[in-house]
Amino acid sequence: MPIEEDLFEKLRVELRRGSLVLAVLGALREERYGYTLRTSLEEAGLPIDEGALYPLLRRLEAQGLLTSEWREEAKRNKRFYRLSPEGLEILAQLLGEWNAISESILLLTGKDK
């Protein structure tokens, strides 16, 4: 892989990593278990490995932004996640920040015209 493509790929991964937190929080306004969350992210164009998703979910829950509950569904135990009240508040703040950053980038790159 030429250096330019390698550099782009590293920067793309870094950009996506921060975006995925926002996407996961947004998707969990509605209760979901891991597989359906992963599927909805993929359908929205944001695929994520299980090896990245579950540690992210545990971290967000430890930060108080998510709640989870084990339930049996179709004779299988599944862990369902949803935003906590604090998570809903943080999501609103992060969306505001995301929008401000997007507007700034558009202004700086001349794409607002």
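1. A residue is termed buried when its relative accessible area is under 20%. Ser 40 has 18% relative accessibility and therefore counts as buried. Ser 40 belongs to helix α2. Neighbours within four places in sequence aside, the contacts of Ser 40 are Ala 27 and Arg 32. These remarks, like those that follow, concern a predicted model.

2. Overall architecture. The protein chain contains 4 helices and 3 strands. Read from the N terminus, the order of its elements is α-β-α-α-β-β-α. Along the principal axes, the C-alpha atoms occupy a box of roughly 55 × 35 × 25 Å. The chain has 113 residues, of which 27% count as buried. Among contacts with a separation of 6 or more, 48% join residues 24 or more positions apart.

3. The largest nonpolar core. In soluble globular proteins, nonpolar side chains tend to be buried together. The largest nonpolar core here has 20 residues, and those touching the most other members are Val 24, Leu 25, Leu 28, Leu 37, Leu 57, Leu 60 and Leu 66. At least two residues of this core come from each of α1 (3-27), α2 (34-43), α3 (50-62) and β3 (76-83). Helix α1 provides the largest share, with 7 residues.

4. Leu 60 within that core. Which residues does Leu 60 contact, leaving aside its neighbours within four places in sequence? They are Val 21, Val 24, Leu 25, Leu 65 and Leu 66. Of these contacts, Val 24, Leu 25 and Leu 66 are also named among the core residues that touch the most other members.

5. Packing of α2 and α3. Two packed helices are described by the angle between their axes and the distance between the axes. For α2 and α3, the axes come within 11 Å and cross at roughly 115 degrees. The crossing of these two helices is right-handed. On the α2 side the contact involves Gly 34, Tyr 35, Leu 37, Arg 38 and Leu 41, and on the α3 side Glu 50, Leu 53, Tyr 54 and Leu 57. By residue class, the contact of α2 with α3 comprises 6 nonpolar, 1 polar and 2 charged residues.

6. Glu 50 is situated in helix α3. Is Glu 50 buried, exposed or partly exposed? Its relative accessible area is 45%, so Glu 50 is partly exposed. Setting aside neighbours within four places in sequence, Glu 50 is in contact with Arg 38 and Pro 55. Glu 50 and Gly 34 are separated by 16 residues in sequence, and their C-alpha atoms are 8.4 Å apart in space.

7. The aromatic pair. A pair of aromatic rings is described by the distance of the centres and the angle of the planes. Tyr 33 counts as buried because its relative accessibility is 18%. Phe 80, at 7% relative accessibility, also counts as buried.

8. Leu 91 is located in helix α4 (residues 85-109). The relative accessible area of Leu 91 is 3%, and it is therefore buried. Residues up to four places away in sequence not counted, Leu 91 touches Leu 22, Leu 25, Gly 26, Arg 29 and Leu 83. Of these, Leu 22 lies 69 residues from Leu 91 in sequence, with 7.0 Å from C-alpha to C-alpha in space.

9. Most residues other than glycine have a negative phi, and most peptide bonds are trans. Ala 74, although not a glycine, has a positive phi of about 55 degrees. Ala 74 is placed in the loop between β2 (66-73) and β3. Its relative accessibility is 67%, so Ala 74 counts as exposed. Lys 75, likewise not a glycine, has a positive phi of about 65 degrees. Lys 75 also sits in the loop between β2 and β3. With a relative accessibility of 76%, Lys 75 counts as exposed.

How values were computed:
Residues numbered from 1 in each chain as written. Predicted model: local features only at pLDDT ≥ 70, side-chain atom pairs only at ≥ 80, totals over all residues. Heavy atoms only, no water. Core = buried A, V, L, I, M, F, W, Y, C linked by side-chain atoms within 4.5 Å. Buried < 20%, exposed > 50% of the residue type's maximum accessible area, 1.4 Å probe, protein only. Contact = heavy atoms within 4.5 Å. Axes fitted to C-alpha atoms, helices over the stretch in contact; angles between N-to-C directions. Left-handed = near helix turned anticlockwise from the far one by under 90°. Nonpolar A, V, L, I, M, F, W, Y, C, P; charged D, E, K, R; others polar.
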